[in-house]
Amino acid sequence: MPLTDEALAEAGNQLAELLERRQLTIATAESCTGGWVAKVLTDRAGSSSYVLAGLVTYSNDAKRALLGVTEPSLNEHGAVSEPVVREMVAGALSTTGASVAVAISGVAGPGGGSEDKPVGTVWFAWGRSPADTEAVVETFPGDRDQVRRQAVLYALQGVRGFLENS
């Protein structure tokens with residue numbers, strides 16, 4: 001069963017309510033999701049009280065220029081990796097001053113996959129500081145749209161869970 005816009009909106013509303021309740025702000029640093037997490041969060045009226053910025057850093061050049069992702073991380077690990085999403089979180093926090101940031105980088109397909117990183121591989125990170133950041137990798141089934149939808153949902157739920165447990 002495909003993941004619906006309504007399911008994404010519900011996850012966005014749950015995270016938004018938590019951010020508002022705790023008076024926190026968020027910044028997104030997105031690659032394969034193309035700003036979809038920020039879109040879901042800003043679909044809700046009043047979102048300017050908790051969304052500071054949404055950075056779509058699809059290219060490696062953008063990751064370096066806007067988020068300070070390092071050349072060694074990109075060269076040694078590739079854009080779809082734990083070190084890169086951790087640096088994306090650090091850069092988003094530093095650039096925006098948000099209370100929390102989320103980063104997403106993955107292989108949505110249909111091409112671009114490899115043996116080590118097949119289509120559907122997505123790295124996530126969320127954190128309040130470089131020292132207080134969690135990263136996780138997931139592999140999602142389906143076509144490009146399905147992979148991206150699952151990644152958006154996972155990111156929204158992941159940030160909410162991180163905040164609820166901290």
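These are my notebook entries on a predicted model.

**Ground rules**

I number residues from 1 along each chain as its sequence is written, and side-chain values rest on heavy atoms, with hydrogens and water left out. Because the model is predicted, local features need pLDDT of at least 70 and side-chain atom pairs count only at pLDDT 80 or more, while totals for chains, interfaces and linings use all residues.

**Entry: the annotated span**

I looked up the record. UniProt, in an unreviewed entry, places "domain: CinA C-terminal" at residues 13-161. Its positions are given in the numbering used here, the feature names are shortened, and annotations may be inferred rather than shown by experiment. I then took the span itself. It is 44% helix and 23% strand. Its end C-alpha atoms lie 14 Å apart. Helices (H or I, at least four residues) and strands (E, at least two) are DSSP runs, numbered from the N terminus.

**Entry: H3 against H5**

How do the axes of H3 and H5 cross? I took helix H3 as residues 60-67 and helix H5 as residues 82-96. Their axes come within 9 Å and cross at roughly 40°. The axes are lines fitted to C-alpha atoms, for helices over the stretch in contact, with angles from 0 to 180 degrees between N-to-C directions. H3 and H5 are therefore oblique to each other. Under 35 degrees would be roughly parallel, over 145 roughly antiparallel, 65 to 115 roughly perpendicular, and the rest is oblique.

I listed the contacts (heavy atoms within 4.5 Å). From H3 come Lys-63, Leu-66 and Leu-67. From H5 come Val-84, Glu-87, Met-88, Gly-91, Ala-92 and Thr-95. By class, this contact has 5 nonpolar, 2 polar and 2 charged residues. Nonpolar here covers Ala, Val, Leu, Ile, Met, Phe, Trp, Tyr, Cys and Pro; charged covers Asp, Glu, Lys and Arg; the others, Gly among them, are polar.

**Entry: Glu-30**

Is Glu-30 buried or exposed? I used relative accessible area: buried is under 20%, exposed over 50%, partly exposed in between (1.4 Å probe, protein chains only). Glu-30 is buried at 0%. Glu-30 sits in strand E1, residues 26-30. Leaving aside neighbours within four places in sequence, Glu-30 is in contact with Gly-35, Trp-36, Val-37, Ala-38, Leu-55, Val-56, Thr-57, Tyr-58, Met-88 and Ile-104. I also checked Glu-76: it is 46 residues from Glu-30 in sequence and 20 Å from it in space, C-alpha to C-alpha.

**Entry: Ala-151**

Ala-151 is in helix H6. Ala-151 is buried too, with a relative accessible area of 0%. Not counting residues up to four places away in sequence, Ala-151 touches Thr-33, Val-122, Phe-124 and Phe-140. Val-37 is 114 residues from Ala-151 in sequence, yet 8.9 Å away, C-alpha to C-alpha.

**Entry: the loop between E3 and E4**

I took E3 as 100-106 and E4 as 121-129, with Ala-108 in the loop between them. Ala-108 counts as buried at 5%. Residues up to four places away aside, Ala-108 touches Cys-32, Val-119, Asp-143, Arg-144, Val-147 and Arg-148. Gly-120 is 12 residues from Ala-108 in sequence and 5.4 Å from it in space, C-alpha to C-alpha.

Pro-110 is in this loop as well. A cis peptide bond joins Gly-109 and Pro-110, with omega at about 5°.

**Entry: Gln-23**

Phi of Gln-23 is near 55°, a positive value in a non-glycine residue. Most residues other than glycine have a negative phi, and most peptide bonds are trans. Gln-23 lies in the loop between helix H1 (5-22) and E1. Gln-23 is exposed at 73%.

**Entry: salt bridges**

How many salt bridges are there? I counted a side-chain nitrogen of Lys or Arg within 4 Å of a carboxyl oxygen of Asp or Glu. The count comes to 9.

- Lys-39 and Asp-43 pair at 2.6 Å, N to O. Lys-39 is partly exposed at 42%, and Asp-43 is exposed at 51%.
- Asp-145 and Arg-149 pair at 2.9 Å, N to O. Both lie in H6 (residues 144-164), 4 residues apart, about one turn of the helix. Asp-145 is partly exposed at 36%, whereas Arg-149 is buried at 15%.
- Arg-160 and Glu-164 pair at 3.5 Å, N to O. They too lie in H6, 4 residues apart. Glu-164 is partly exposed at 43%.

I also noted a network of salt bridges linking Asp-5, Asp-145 and Arg-149.
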